[in-house]
Amino acid sequence: MTKLLSILFTLFAISPIMAQNKQFTLDDLIPGGKTYYSTSVPENSFYTWWGDACIELNIDECHLIEKDYGTKSENIVFKSLSLDNINKILEAGGRKTISNFYDATFPFHTNSFIVLSHNNEKTIIDWLAQNIVWTCDIVPEASNLDWSKSSLSTAYTIGHNLFVMTADGVVHQVSNDGNMCLVYGESVHRDEFGISKGTFWNPDGSLLAFYKMDQSMVSQYPQVDINPIDESQVYTKEDSSENTSRCAAIEPDPYPMAGEASHKVSIGIFNPANEKTIYLNTGDPTDRYFTNITWSPDGTKVYLIELNRDQNEGKLDEYDAFTGDKIRTIFTESNEKYFEPLNPIQFLPWDSSKFIYQTRKDGFNHIYLYSISGKLIKQLTNGEFEVAEILGFNKEQQRIVFTSNEKNLLQRNLFSVDMRGNRLLLGNGTGWHNAVLSTTGKFAIDTFSSPIIPKHIDIVSTLHGGTTNIFAARNPWSEYDVPEIKVGSIKADDGITDLYYRLILPTNFDPSKKYPAIVYVYGGPHAHNIDASRNWGARGWDIWMAQKGYVMFCLDNRGSENRGLEFEQATFRNLGVEEMKDQIKGVDFLKSLPYVDSERLGIHGWSFGGFMTSSLMTTYPDVFKVGVAGGPVIDWKYYEVMYGERYMDTPQTNPEGYKNTSLLNKAEKLQGRLMIIYGGNDPVCVPQHTLSFVRACIDAGTYPDLFTYPGDGHNMTGTDRVHLHNVITRYFEDHLK
C-alpha cells in the first residue's frame with residue numbers, strides 16, 4: 001500500500017462527517033427521485049474550448065476566461081454573446097430559440113462561430129457579424145447523428161437504414177433495405193470491443209465508413225410487448241375486435257447466445273460526391289469481429305483490428321478506401337486466454353508516419369509508438385498501472401496527454417508523456433479526474449472529485465502541470481447526517497493480491513451494538529466499485545441503508561477492472577468461482593468486526609452482481625440470510641456470444657466451466673430468502689435466465705421470491721428506479737433486520 005493511500009485511509013477512516021439535523025429520503029439519493037438532483041448532485045458550471053480560449057457557458061451569456069485564468073473577460077469579442085442577442089438572430093432567421101448555452105460549441109477556432117444544436121437541428125452563427133452562417137435540419141425520427149465539422153455533412157439512421165445529408169441540404173440514402181435483420185450505420189458486436197457507434201467520417205468529411213450488420217442467421221429472442229395498442233383507445237368505439245388486438249405481441253430481438261451463430265458484419269465506404277458505396281474486401285466475416293476503425297490522416301486508407309471468433313488473436317489491417325482491397329496486415333497480437341482490443345490506433349498530429357497503439361501485452365494497458373511500417377519504436381508508458389484514456393496531444397511539445405492510475409490504484413489522474421517516454425503528472429494528483437483538451441492540447445479543462453471534494457474544475461497546463469481552479473462546488477450533503485465511510489484493503493483468496501473494500505457504518509454509529517450487514521457486489525470485468533472519487537464511489541442506496549441502521553460493505557474482487565491482465569484473467573473459463581472466494585474473504589473480514597451481527601448478513605447486486613448474489617447464496621448457503629439479485633445471469637450459455645465467449649469460451653469447448661458456474665445446478669442448495677428482480681423486456685440478461693432459475697427452484701423444492709418490471713429493460717430508470725430501491729429495501733427490512 002502506498003504512503004499516500006495509507007494517509008488517505010487514516011484520514012477518512014477516523015474523521016467521520018459530523019452529524020447534522022437533516023435525514024435523507026430515497027428520492028434524495030436515487031436517480032429518478034423527485035429531489036435527487038437538488039440533493040445529491042453537486043452543482044455544476046459548464047465550460048468549453050474555442051481554440052485555446054476557455055469559454056464559460058452561463059445560462060444567459062458566454063464569458064471568455066482570461067489566459068491567466070484569474071478573471072472573466074470583458075473582451076469586446078464576447079459582448080454580443082448573450083442569450084438575448086443570439087435568440088434575436090435565431091428568430092430573424094426563422095430558427096428555434098434556445099434557453100441556455102450549455103450545449104453550445106466553438107469548433108472553428110479561427111472564426112467567431114458558435115454552433116447550436118437543438119434536437120436534430122443545428123445552426124452556426126457568426127456572433128460578430130450577427131448572422132446565421134449555416135443551418136441543418138434532420139427529420140425528427142432520425143437517430144445516431146454523426147456530424148463532420150470539416151464538410152458539414154451529417155450521417156444518421158432511420159429504421160436501421162443509413163442516410164447522409166451534405167452541407168447543401170441534399171439527402172443521400174445509403175441503404176434502403178426494409179429487412180429488420182439488416183442494420184446500417186449502427187453499433188455492432190453488441191457494443192463490445194470499445195464499439196459505441198456505427199459511422200466514421202474521414203478527416204475532411206468527404207468519405208463515410210459505416211458498419212453493416214446482417215442478423216438473419218441469429219436466433220430471435222421472443223421479447224413480448226404487453227401494450228401493443230394505444231391504451232387511450234381501449235374502451236372507445238375505435239377499439240374494434242376486427243382490426244385491433246389487445247393481445248400481447250411478440251417483438252423478436254436478434255440475440256446470439258454463446259456457441260451459436262453470430263451476426264455478420266461488413267464495412268462500407270460511402271462517397272457523397274458520386275453516391276457510390278464500396279465494401280472492404282474482408283472475405284467471409286462469420287469467424288471474425290471488426291473493431292477499432294480509424295482513418296489515415298490523408299483520408300485514403302482505413303485501419304481496423306480484425307479479431308477472431310475465439311478472441312485470442314487480432315490483426316491490425318490496412319485497407320484502400322477507394323477500392324476496398326486489403327493492403328496489408330501491419331502486425332498481429334495474440335494472448336493464450338483472450339485479447340480484447342478497445343482503442344483504435346491514433347496517428348501523431350505532427351508526424352503522419354507514426355501512430356500510437358494501446359495494448360496490455362506486458363500485462364497492463366500501455367501506450368506504444370509504432371511506425372506505419374509496423375515497426376515498434378518505443379513503449380512510451382510502462383509499470384504496474386493502467387492507462388485509462390488518451391485525451392489527445394500537445395502538438396507543440398509533442399506530448400501525449402492521458403489518464404491513468406499510476407499515482408494510486410484508486411485514483412485517476414492526468415499525465416503527459418513525450419516521445420522518449422518521460423512522464424509528467426498534471427494537476428493536483430488527487431481524486432478521480434476527467435478532462436477535455438484545448439485545440440492545441442496546451443491546456444485541459446479538468447473536472448474532478450475526491451472523497452472530500454464534491455466537484456472542482458481546474459484549468460491545467462499540459463506543459464508544466466500547473467493548475468488554476470475556476471469552479472468549486474459546495475457539498476450538497478453538508479446539512480445531512482452522512483454516515484462514516486472507510487476504505488482499506490484485505491488479501492484475496494490467493495493470499496497475495498490486495499483487494500480494496502469500502503465500509504459504510506450506520507448513521508449515529510454505536511460500536512457497542514450489533515448491526516445487520518449487507519454486501520453490495522458486482523465483481524465482473526470492466527467495472528469497479530471503490531475509487532477515490534466523491535464519497536469513495538458510494539452509491540445513494542448504500543447511504544440510505546446505512547441511515548436505516550445497516551453496515552454496508554463492498555469489495556472489488558479479482559476479475560474487476562483497473563488492476564491489470566493477470567488480475568482480470570484469474571476468472572477465465574470459470575466466471576464466478578474465484579470472485580466468490582474473494583467475496584467470502586471479505587465476509588470473513590466483515591464477521592471479524594465486533595459490531596457486525598454474523599447471523600444477519602445480506603447481499604445484493606445487479607447484472608453480473610445479480611449472478612454473484614445468486615451464486616453466493618447457493619454456493620455458500622449458510623453465509624447469507626437474505627439476498628436480492630437484480631437482472632442476473634443464471635447460466636452463461638444463455639448469454640451473448642461476444643462477452644460470454646471471451647471469458648468462458650463456448651459451451652462446446654468448455655462444458656465443465658459452463659456446468660460448474662450454472663445456477664440451474666445449484667437451485668436445490670438455496671436456503672436463505674432470495675428475491676430475484678428483472679426487467680420484463682431485458683435485452684442483456686434476457687428473461688430466460690431468471691425464469692429458468694425459478695423453474696429449477698420449483699423442481700428442487702426451494703423457494704425464491706420474484707419481482708418483475710414489465711416493459712423495462714436491463715436497468716430501471718426514472719420513477720421505476722426509485723420504486724425498485726424501495727422494493728429492495730423492504731425485502732431486507734422484512735427478512736434481515
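In the predicted model, Ala167 touches Trp134, Ser151, Leu152 and Ser153, when residues up to four places away in sequence are not counted. Ala167 is found in a loop, which runs between strand 9 (161–165) and strand 10 (171–173). The relative accessible area of Ala167 is 30%. Because this value lies between the limits of 20% for buried and 50% for exposed, Ala167 is classed as partly exposed.

Arg573 has a phi near 70°, a positive value in a residue other than glycine. Arg573 is placed in the loop that lies between helix 6 (565–569) and helix 7 (577–592). With a relative accessibility of 26%, Arg573 counts as partly exposed.

Ser607 is not a glycine either, and its phi is positive, at about 65°. The loop that holds Ser607 lies between strand 38 (596–606) and helix 8 (608–619). The relative accessible area of Ser607 is 14%. Since buried means under 20%, Ser607 is therefore assigned to the buried class.

Definitions and conventions:
Residues numbered from 1 in each chain as written. Predicted model: local features only at pLDDT ≥ 70, side-chain atom pairs only at ≥ 80, totals over all residues. Heavy atoms only, no water. Helix = DSSP H or I, 4+ residues; strand = E, 2+ residues; numbered from the N terminus. Buried < 20%, exposed > 50% of the residue type's maximum accessible area, 1.4 Å probe, protein only. Contact = heavy atoms within 4.5 Å.
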